[in-house]
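Work through the two exercises below with the sequence and the model at hand. Each task is followed by a solution in steps.

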Amino acid sequence: MTAVLLAEDDEAIAAPLSRALGREGYTVTVEQSGTAVLERALEGNHDLLILDLGLPGMDGLEVCRQMRARGSELAVLMLTARTDEVDFVVGLDAGADDYVGKPFRLAELMARVRALLRRSGPAEDSVIEVGGLRLEPAARRVLLNGSEIILANKEYELLKVLLDRAGQVVSRDTILREVWGDLDLRGSKTLDMHMSWLRRKIGDEGPVAERRIATVRGVGFRLNTD
């Protein structure tokens, strides 16, 4: 499961942001001081650091500089209340991968998080294989137990979103945003229809308890890894 380290000493920001990250399926660790953040970051147990510049003890710039000096390649998304372009450049020079200015829109921040995780994760053309399903992005091909199955474009994209997060609950909003790019489809049956077609093609229409793709009522879907 993707692990996010959130470095933010303002509870009014940390609490809702932590909940939002949790809804996306990430595990979240919150730290409030620069020294504690640096220690956590160097453990190597996280995939992304969301780093507020204004931390007590050691500011975000120094945390980032020390991380890089000690060889950490952890992806860093900086949060800053400073809006001067010079400050952004200084942050990037310190080793940040991206930045978001405060106040930020949650949707924008989550999009930056996903983009950074994609860039720091496996290459886009890396083969993904889970429980007999094999997706080969370079060839845009899907195999089930060694035999190729033919998927329509949206079925392929839907399966890829689930395979990329195998074992995690993927919210309906995340799927609509990444596959259709349109949250206005929330009230439609588009996602459910495509999920039904995908399940049929991968032979996932048996008893609910045995399905590869589990429906998490009121939230989204999970591709089981068992």
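Predicted model: local features only at pLDDT ≥ 70, side-chain atom pairs only at ≥ 80, totals over all residues.

**Exercise 1**

Locate Glu-155, decide whether Glu-155 is buried or exposed, and find what the side chain of Glu-155 pairs with.

Solution. 

1. Helix H6 spans residues 153-164, and Glu-155 is found in this helix.
2. The relative accessibility of Glu-155 is 4%. Buried means under 20%, so Glu-155 counts as buried.
3. Leaving aside residues up to four places away in sequence, Glu-155 touches His-194, Trp-197, Leu-198 and Lys-201.
4. With Lys-201 there is also a polar contact: the two side chains are joined at 2.8 Å.

**Exercise 2**

Trace how strands E6, E7 and E8 pair, and describe the turns that connect them.

Solution. 

1. Start with E6 (residues 128-130) and E7 (residues 133-136), which pair in the antiparallel sense over three bridges. One of the positions to check is Ile-128, whose bridge partner in E7 is Leu-135.
2. Next, look at the connection. E6 and E7 form a hairpin with two residues between them. In this turn, Gly-131 has a positive phi of about 50°.
3. Move on to E8 (residues 141-144). E7 pairs with E8 in the antiparallel sense, over four bridges. Here Leu-133 stands opposite Leu-144 in E8.
4. Putting the steps together, E7 pairs with E6 and with E8, in the antiparallel sense in each case.

Note on methods
Residues numbered from 1 in each chain as written. Heavy atoms only, no water. Buried < 20%, exposed > 50% of the residue type's maximum accessible area, 1.4 Å probe, protein only. Polar contact = N/O pair within 3.5 Å; in protein donor to acceptor, adjacent residues only side chain to side chain. Contact = heavy atoms within 4.5 Å. Pairing = 2+ DSSP bridges.
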